Amino acid sequence: MTITITAFERSPDRGRGLARDMRVRWALEEAGQPYDVRLVSFETMKQPAHLARQPFGQIPTYEEGDLTLFESGAIVLHIAERHGGLLPQDVNGRARAIAWMFAALNTVETPIFEHSLARILERDEPWYEKRLRSLEGSIRKRLDSLSAHLGDADWLDGAFSAGDLLMVSVLLRLKSSNILNDYPSLAAYVARAEARPAYQRAFAAQFAVFQAASAAD
C-alpha cells in the first residue's frame with residue numbers, strides 16, 4: 001500500500017525544513033519507505049476533504065490503506081513501531097525512546113515554538129521585549145537540562161532513535177536565533193542529525209517543493 005502524506009503547497013518556512021511534514025519525511029527516509037506527497041494550499045486545508053483527515057486543518061497527514069493519521073508525533077511513532085531503525089529492540093529501550101519523543105514535543109517544543117511565533121507576530125506590541133525575555137528564559141532552562149543529559153554522547157539514549165529525530169526537529173527552529181550557539185554540545189548534536197543521509201534526502205525533497213513554487217511565481 002502506498003503511503004501518502006500532505007505538505008504545504010507554499011510553505012511559510014521558505015524551504016528551511018521547519019514545516020512539520022519534514023519530520024514525517026525524515027522518519028520515512030530512515031525507515032526506507034517510499035511515499036507520495038499531496039500538496040495542499042491554506043485554502044484547501046479549510047475544506048471538508050482535508051478536515052476529514054486533519055480535524056484542525058493542519059499538515060501533515062498520513063494515509064496508508066484504510067489508516068489515516070494526523071499529528072506529526074503520532075505519525076512518526078506509527079512509522080517507528082511499524083518499521084525498523086527508529087526504536088530499540090529491547091522493551092525498556094523502546095519505552096525510553098518514546099519518552100524522549102514526548103519530551104521533545106511537550107517539554108522542549110512549547111517555549112521554542114512560542115518564541116518563534118512571538119518574533120513574527122508580536123514584534124510591534126509594547127510587551128514584545130518582556131515576552132521575548134521570558135520565553136528565552138524558559139528555552140534556556142530546557143536546553144540546560146537537555147545539554148546536561150546529552151553530555152558527550154552522540155544521541156539521547158544509545159543509538160539514534162525517533163526520540164532524537166523529533167528532538168532535533170524541534171531544536172532546528174532555534175537556528176534563526178543565536179540561542180543554540182550557547183550550547184555547543186546541542187549544536188553538534190543537531191549537526192550530526194542533519195548529516196544523516198535520510199535527513200538530507202528528506203530536506204532535499206521538501207526544499208524542492210519550495211523551489212518549484214518560487215519558480216512558478
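Helices (H or I, at least four residues) and strands (E, at least two) are DSSP runs here, numbered from the N terminus. This is a predicted model, where local features need pLDDT of at least 70, side-chain atom pairs count only at pLDDT 80 or more, and totals for chains, interfaces and linings use all residues. Residues are numbered from 1 along each chain as its sequence is written, and side-chain values use heavy atoms, with hydrogens and water left out.

**The sheet**
- Four strands make an open sheet in the order β2-β1-β3-β4, with mixed pairing; two strands pair if DSSP finds at least two bridges between them.
- β2 (36-40) and β4 (67-70) sit at the edges with a single partner strand each, so one side of each has no neighbour in the sheet.
- On average, neighbouring strands of this sheet are turned by 20 degrees against each other, direction ignored.
- β1 (residues 3-8) and β3 (residues 61-64) run antiparallel and are joined by three bridges; Ile 3 has Glu 64 in β3 as its bridge partner.

**The helix on the sheet**
- Helix α1 (residues 21-31) packs on the sheet and touches β1, β2 and β3, contact being heavy atoms within 4.5 Å.
- The direction of α1 makes about 150 degrees with that of β1; axes are lines fitted to C-alpha atoms, for helices over the stretch in contact, and angles run from 0 to 180 degrees between N-to-C directions.

- Most residues other than glycine have a negative phi, and most peptide bonds are trans.
- The Ile 59 to Pro 60 peptide bond is cis, with omega near 5 degrees, and Pro 60 lies in the loop between α2 (48-53) and β3.
- Glu 71, in the loop between β4 and α3 (72-82), has a positive phi near 75 degrees.
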